[in-house]
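Please open the model in your viewer and keep the selection panel at hand. The stops below go from the whole chain to single residues and their partners.

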Amino acid sequence: MSEMVGKYCAKFFGKTGVILEIGVVKKVASRTIHVDWGTKTWVYQNRDFNWTPLTKEEFEAKYKKPKFSDAALVRAAELGLKITYN
């Protein structure tokens, strides 16, 4: 589980696939996962954590610019992610 630390997660808007928030896994304990979403840090129990953490390279390759909200693009810039069109 500790291999998840430092990886990125994304919250989506419904079925449209638009990314609203980008989070970074900060800490993994035996029962909890701590994710920093920028404005707040949430603590999830393992069973409630439903995201697939991705490395920086995987995240940049999987998600393209048209799928990001304005706030998510600002957060991506803060985290040093390079979001491209195609």
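Helices (H or I, at least four residues) and strands (E, at least two) are taken here as DSSP runs, numbered from the N terminus. With that convention, colour the chain by element and follow it from the N terminus, where the order reads β-β-β-β-α-α. The radius of gyration, taken over C-alpha atoms, is 13 Å, close to the 12 Å that the globule rule (2.2 Å times the number of residues to the power 0.38) gives for 86 residues, so the chain is as compact as a globular protein of that length.

Before going on to side chains, note that this is a predicted model, in which local features need pLDDT of at least 70 and side-chain atom pairs count only at pLDDT 80 or more, while totals for chains, interfaces and linings use all residues. Residues are numbered from 1 along each chain as its sequence is written, and side-chain values use heavy atoms, with hydrogens and water left out.

Select Ile-19 next, in strand S2 (residues 18-28). Ile-19 is buried, at a relative accessible area of 0%, where buried means under 20%, exposed over 50% and partly exposed in between (1.4 Å probe, protein chains only). Show what surrounds Ile-19: leaving aside neighbours within four places in sequence, its contacts (heavy atoms within 4.5 Å) include Phe-12, Tyr-63, Phe-68 and Ala-72.

Now turn to the salt bridges, each a side-chain nitrogen of Lys or Arg within 4 Å of a carboxyl oxygen of Asp or Glu; the structure holds four of them. One of these joins Lys-11 to Glu-21, with the closest N and O atoms 3.7 Å apart. Lys-11 belongs to strand S1 (residues 8-13) and Glu-21 to strand S2, 10 residues apart.

Which side chain meets that of Asp-36 in a salt bridge? Select Arg-75, whose side chain pairs with that of Asp-36 at 3.9 Å, N to O. Asp-36 lies in strand S3 (residues 32-36) and Arg-75 in helix H2 (residues 70-79), so this pair ties together parts 39 residues apart in sequence. Both ends are buried, Asp-36 at 17% and Arg-75 at 11%.

Glu-78 is exposed, with a relative accessible area of 57%.
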